[in-house]
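The report below describes a protein chain through a few of its residues and helices. Please read it alongside the sequence and the coordinates.

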Amino acid sequence: MTSWLELVQKDARIPEWPYPVSYGKENKVATDVLVFGGGIAGCHAAINAARKGVKVVLVEKGMTKRSGSGGAGVDHWLSASTNPCSKVTPEELTEAIIGNAGGYDCGPLRYINCRESWDTLLDCERMGVQIRDMHNQFAGAAFRDEETRLMFAYDYENRCDIRVHGHMMKPCLYREVKRLGVRVLDRVMVTALLTEGGVQGARVTGATGVNTRTGEFYVISAKATVMATGLPGRLWVFSTEQRSLFRDFNNTGEGIAAGWRAGAEFALMEQSMSDAGSFAYIAYGMGNPDNTWYGASIVDANGKEVPWLDRDGRELKTFQERFRPAPGQKFILGQGTGVPSAYDNQTNRIPPDLPERIRKGEFTLPFYADLTSLPEQERRAIFGLMVGNEGKTRIPVYDLYTRAGFDPDRDMLQAPLYPPEEYRATNFWSGMAVPHWRLFHSGGYVVDWELKTSLAGLYAAGGPIFGAGAHSSAAAGG
């Protein structure tokens, strides 16, 4: 039994709904701070508010302990430019990110992330998340600092992106949320924001929601409301079984819709990008040289290695050079910031003209990620530390492949099989982009330096913000 459709076809009937139906029930709740969205940003927002001694209610459409895009884990912690090993300042990093976004980005949130994400990561460590190589598994590795035991990604010289054992991130946050006495309402979806006098553009005084299982209604009044419902991705995916998705399919944009109806200001809402739809391979589950797999060697069907280039197009002769800035380059801007142009402008990569080289016969499909050719510590860092802690890969890729016999010490992993034009420099991991399958990208609430929206009483954290970044940005913003 693999899908709802098959279940119905087998039994020739729709199974009875297993929860009590309470459409007529209305619950009224009053609190100081209301947080909608129990993902990474929402949990941090609830924790930080509760530590101030105020009453907090956290509302989550799924189950807070494992919900959200970071619910199953994280392997990279980006932009931690104040960590003791970093050679990059928050100001330098913020300027680089915004510059690569062409200025269409949220300066306050980017700077908050660059300035505070290291402190936020230390807070996660105190909650029980392992952020260091405590068991010396990677002692002596080029990416490890021997004094702090921190491990770094992308740029081994400037060291502002940290590799973490983050598969238990959400359970640790959830435990702290509960310890602080935050009231958690799981399986409740926001339907609208409440405003003074019901006037659009007036002060936000709370929100309403509906339980997705029982149908009961919630009216929650609050002195301050934080919208942390995530980036609305996959709005145009029509497969009810959600096969091959790597984003949380619960992120359907209701938090942004509620703010829009209440009169909040938004930016870049017109931007979307072609996406892989349900035709993608398992995210990060095929051989590739990007993101979680950054630095992996790629070879073709005849064993010929695809070269790596620096940002200026110079071929890198050694593996170690993939993790060093180009001549005259201050630092490498790590992948995952949410700024696609940064990959082409700042990151070492495989050739952007690879599609043409395939057509000319220089390389023969399919490609493979050849981890066997890497130094042992680098091989174990990719297939183990990184693939083992990235939430979308720990179980469906690392655990499953290992049990099936995949051994990175001797085996190569095939890359996705695409038409030649799909082998762009940073497209290996994400699947073949289909033009009519679109992903909402980069738009959201406009906020100030306190992450306050244009509506009094309403704040935003994480994905709903215009120009939001990845995991560390959601955490620091929360």
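## Leu58 and its surroundings

In this predicted model, Leu58, when residues up to four places away in sequence are not counted, touches Val35, Gly37, Gly38, Gly42, Cys43, Ala46, Thr64, Val177, Val182, Arg183, Val184 and Leu185. Leu58 lies in strand β2 and is buried, with a relative accessible area of 0%. The C-alpha atoms of Leu58 and Asp186 are separated by 8.2 Å, although these two residues are 128 residues apart along the chain.

## The chain as a whole

The secondary structure of the protein chain comes to eleven helices and 19 strands, and buried residues make up 58% of its 478 residues. Among contacts with a separation of 6 or more, 69% are between residues 24 or more positions apart. The chain exposes about 19900 Å², of which carbon and sulfur atoms supply 52%.

Two packed helices are described by the angle between their axes and the distance between the axes. For helix α2 (residues 40-51) and helix α5 (residues 169-179), the angle is about 30° and the axes are 9 Å apart. Because angles under 35 degrees count as roughly parallel, α2 is roughly parallel to α5. On the α2 side the contact is made by Ile40, Cys43, His44, Ile47 and Arg51, and on the α5 side by Met169, Lys170, Leu173, Glu176 and Val177. The crossing of α2 and α5 is left-handed.

Eight of the eleven residues of α5 are buried, so this helix is largely enclosed by the rest of the structure. The buried residues of α5 are Met169, Lys170, Pro171, Cys172, Leu173, Tyr174, Glu176 and Val177, and what covers them includes α2, β2 (56-60), β3 (76-77), α4, β6 (183-186) and α11 (471-477). Just after α5, Gly181 takes a positive phi of about 85°.

Helix α9 (residues 376-386) also has eight of its eleven residues buried, so α9 too is largely enclosed by the rest of the structure. Its buried residues are Glu378, Arg379, Ala381, Ile382, Phe383, Gly384, Leu385 and Met386, and they pack against β3, β4, β5 (162-163) and α10 (394-404).

Asp145 is placed in the loop between α4 (107-126) and β4 (151-152). With a relative accessible area of 17%, Asp145 is buried, and its side chain makes a polar contact with the side chain of Thr148 (2.7 Å). Leaving aside neighbours within four places in sequence, Asp145 is in contact with Cys85, Leu150, Phe152 and Arg159.

Most residues other than glycine have a negative phi, and most peptide bonds are trans. Arg159, a contact of Asp145, has a positive phi although it is not a glycine, and a positive phi is also found at Arg187. The table sets out these two arginines.

| Residue | Phi | Place | Relative accessibility |

A cis peptide bond joins Leu365 and Pro366, with omega about 5°. Pro366 is placed in the loop between α8 (354-359) and β15 (368-369).

Conventions
Residues are numbered from 1 along each chain as its sequence is written. This is a predicted model: local features need pLDDT of at least 70, side-chain atom pairs count only at pLDDT 80 or more; totals for chains, interfaces and linings use all residues. Side-chain values use heavy atoms; hydrogens and water are left out. Helices (H or I, at least four residues) and strands (E, at least two) are DSSP runs, numbered from the N terminus. Buried means under 20% relative accessible area, exposed over 50%, partly exposed in between (1.4 Å probe, protein chains only). A polar contact is a pair of N or O atoms within 3.5 Å; within protein, one must be able to donate a hydrogen and the other to accept it, and residues adjacent in sequence count only if both atoms are side-chain atoms. Contact means heavy atoms within 4.5 Å. Accessible areas come from the Shrake-Rupley method with a 1.4 Å probe; for residues, only the protein chains shown count as cover. Axes are lines fitted to C-alpha atoms, for helices over the stretch in contact, and angles run from 0 to 180 degrees between N-to-C directions. Angles under 35 degrees count as roughly parallel, over 145 as roughly antiparallel, 65 to 115 as roughly perpendicular and the rest as oblique. A crossing is left-handed if the near helix is turned anticlockwise from the far one by less than a right angle, and right-handed if clockwise.
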